[in-house]
Amino acid sequence: MAEIINLRQVRKAKARAADDAKAESNRIAFGQPKKAKTLQQRRKALETERHEGHRLERGGSDPAE
């Protein structure tokens, strides 16, 4: 004889699995605290500023300057 299943329970289990998958992707995307994000942005800006400060020529790409 076939196994009896409750369709409501199956539907709820499927919805829970979808919600868990979405939550996992959100944890990856939005998992950093604001303080850590701003610290990382400041460090990157400082690093870029230092890197650009070591250029010999500033300005456009025109070599005649």
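This briefing describes the fold, surface and charged contacts of one protein model.

The model is predicted, so local features need pLDDT of at least 70, side-chain atom pairs count only at pLDDT 80 or more, and totals for chains, interfaces and linings use all residues. Residues are numbered from 1 along each chain as its sequence is written, and side-chain values use heavy atoms, with hydrogens and water left out. The protein has two helices and zero strands, and buried residues account for 0% of its 65 residues.

**Fold and exposure**

- Helices (H or I, at least four residues) and strands (E, at least two) are DSSP runs, numbered from the N terminus.
- Helix 1 spans residues 7-30 and includes Arg11; Val10 and Arg27 also lie in helix 1.
- A residue is called buried under 20% relative accessible area, exposed over 50% and partly exposed in between, with a 1.4 Å probe and protein chains only.
- The accessible surface of the protein is about 7000 Å², and carbon and sulfur atoms contribute 54% of it.
- Accessible areas come from the Shrake-Rupley method with a 1.4 Å probe, and for residues only the protein chains shown count as cover.

**Surface patches**

- Patches consist of residues with over 30% relative accessible area and no salt bridge; like charges are joined within 9 Å, and nonpolar side chains (Val, Leu, Ile, Met, Phe, Trp, Tyr) within 5 Å.
- A patch of positive charge on the surface comprises Arg8, Arg11, Lys12 and Arg16.
- For charge, Lys and Arg count as positive and Asp and Glu as negative, while His and the chain ends are not counted; the place of a charge is NZ of Lys, CZ of Arg, CG of Asp or CD of Glu.
- A nonpolar surface patch is formed by Ile5, Leu7 and Val10, which together have about 300 Å² of accessible area.
- Val10 is partly exposed, with a relative accessible area of 44%.

**Salt bridges and polar contact**

- Two salt bridges are found in a search of the whole structure, a salt bridge being a side-chain nitrogen of Lys or Arg within 4 Å of a carboxyl oxygen of Asp or Glu.
- One of them joins the side chains of Arg27 and Glu24 at 2.7 Å, N to O.
- Arg27 and Glu24 are three residues apart in helix 1 and therefore separated by about one helical turn.
- Arg27 is exposed, with a relative accessible area of 52%, whereas Glu24 is partly exposed at 40% relative accessibility.
- The side chains of Arg27 and Glu24 are also joined by a polar contact of 2.7 Å, that is, a pair of N or O atoms within 3.5 Å; within protein, one must be able to donate a hydrogen and the other to accept it, and residues adjacent in sequence count only if both atoms are side-chain atoms.
- A salt bridge of 2.5 Å, N to O, links the side chains of Arg55 and Glu52.
- Arg55 is partly exposed, with a relative accessible area of 48%, and Glu52 is partly exposed at 31% relative accessibility.
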